[in-house]
Amino acid sequence: MQYGIAVERLVGRISGRQRTVWCALLLTICLEPWSNIHAHGVQTHAQKSSSHTAATDQLAIQVTDDKLTLSVTDVPQVYLHGMIDADAPQRFAAMMQSGKIPNGSDVYLNSPDGNLAAGLALGRLFRSGSMVTHLGTPRRKGEPNTSVCTNACTYAYFGGRYRWAPTGADRIGLSPYHAATTQTGGVGQGQQTQPNDEIAAYLKQMDINPAAFTSTATASSDAIMWLSADQMMASGLANNGRLPLTATYQPSSGAPYLVLDQVDRHGERRMTIECKPGVITLTAINKVGATRAKQIVARSARSYFEINRQETLTQQRSGADVVNESITMTRTYPPARLEYIIYGQSVGAWVGDSNSAFRNGFTFDLEPVRATLKNYYEACWQAAPWPTHQKS
């Protein structure tokens, strides 16, 4: 009150123009403490958030694990953006150990480069936690969503157990120098000097074929060898959530047995083919967890196999069962038609409702395992030959 009286007396003694200046000055003085309080309140809120604040020369680590995100993805989304600094792996590891970044998390990268040794270390952490790597940035109004990942960031990306190829305007690549060091004879420079064999050892540990860089990279005017999404998928640099399909068979004089197996981030898919005189037995096993398997089978009205994405061997209701954590289906198949599988482009197994509005299952693209399929076909013929006019 005394402060208000003093102000009133002071304003009453000065001219109109002076009065305007003094009022503006007093208004600024009065509002400044409230502005500071408001700013401090925002900063405190940011400190409480899951974002790992960092200086401009550090890699920022931001974890999005709100209820809406977890209801859709089941795991947190971890955004790494900025230059990869030497201490970034330690900060990331500490968040893993605290449980803030659990195994299987989605990691989104947006980094123009950084410390190469730190990039390799981050990649090893991603792999140890079976994490999924993407290119991406947090969505913010008025800011571009394009992500770029080069050199140290690219090596970190390769650490993902599952690696999603870039989409839209996102880009990933290596400088010509880094691309060369994946081959024979290159070494690093400056503080990031890395013997060529260390990079090669890292790529081998991550199951990355160095030869893929020369076949997928496209040179550009900005001296970066950019990797195209389609070629990354074809060469195995990206797998879009699925590990490579494997095919193994056990030669037997009585019943040769083939196993097709693929693991993805949601479970394991398997199909077996057993060859006996007069009959082929197909079994599909879709491991999705006991609870989910029961829900899917309860909702389904039919089950079927697919060859070249064409429905076949359809059964109603009783065609699929829950065994432990898996949905299983078994059908018999004529030996004379085995070649349709062996030389087909794809084979799959599905359950769904009566109007195809819902279905769950898997499809295997067979080209990568063609050689094993052909060997199995010959083994079947030797063990349980069908009439010669039926063998192609």
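This is a predicted model: local features need pLDDT of at least 70, side-chain atom pairs count only at pLDDT 80 or more; totals for chains, interfaces and linings use all residues.
How many nonpolar, polar and charged residues does the lining of the largest pocket have?

View 1. Two or more lining residues come from each of the elements α10 (229-235) and β20 (359-365). Sorted by class, the lining has 11 nonpolar, 6 polar and 6 charged residues.

**View 2. The second largest pocket holds about 330 Å³ of space.** Among the 16 residues lining this pocket, T73, D74, V75, R265 and H266 are the closest to its centre. The elements α3 (67-73) and β12 (257-264) each give two or more residues to the lining. The classes here are 5 nonpolar, 6 polar and 5 charged residues.

**View 3. Aromatic rings pair within the structure, with 8 such pairs found in total.** Y79 and Y108 are stacked, at 5.0 Å centre to centre and with 20° between the planes. This pair links distant parts of the chain, as Y79 belongs to strand β3 (residues 77-81) and Y108, 29 residues apart from it, to strand β4 (residues 106-110). Y79 and Y108 are both buried. F362 and F364 form a tilted pair, with 4.8 Å between centres and 35° between the planes; both of these residues are buried as well.

**View 4. Four aromatic residues, Y343, Y377, W381 and W386, form one cluster.**

**View 5. Arginine residues sit over aromatic rings at two sites.** R171 lies over the face of W226, 4.0 Å from the ring centre. The charged end of R337 is placed over the ring of Y340, at 4.6 Å from its centre.

Definitions and conventions:
Residues are numbered from 1 along each chain as its sequence is written. Side-chain values use heavy atoms; hydrogens and water are left out. Rings of Phe, Tyr and Trp (its six-membered ring) pair if their centres lie within 6.5 Å; planes under 30 degrees apart count as stacked, over 60 as edge-to-face and the rest as tilted. Helices (H or I, at least four residues) and strands (E, at least two) are DSSP runs, numbered from the N terminus. Buried means under 20% relative accessible area, exposed over 50%, partly exposed in between (1.4 Å probe, protein chains only). A charge sits over a ring if NZ of Lys or CZ of Arg is within 6 Å of the ring centre and within 35 degrees of the ring normal. Ala, Val, Leu, Ile, Met, Phe, Trp, Tyr, Cys and Pro count as nonpolar, Asp, Glu, Lys and Arg as charged, and the others, Gly among them, as polar. On a 1 Å grid over the protein atoms alone, a cavity is a set of points where a 1.4 Å probe fits but cannot get out, and a pocket is an open set with protein on both sides within 12 Å along at least five of seven lines; lining residues have an atom within 4 Å of a point. Grid points are joined across faces, edges and corners, and a volume is the space filled by probe spheres set on the points.
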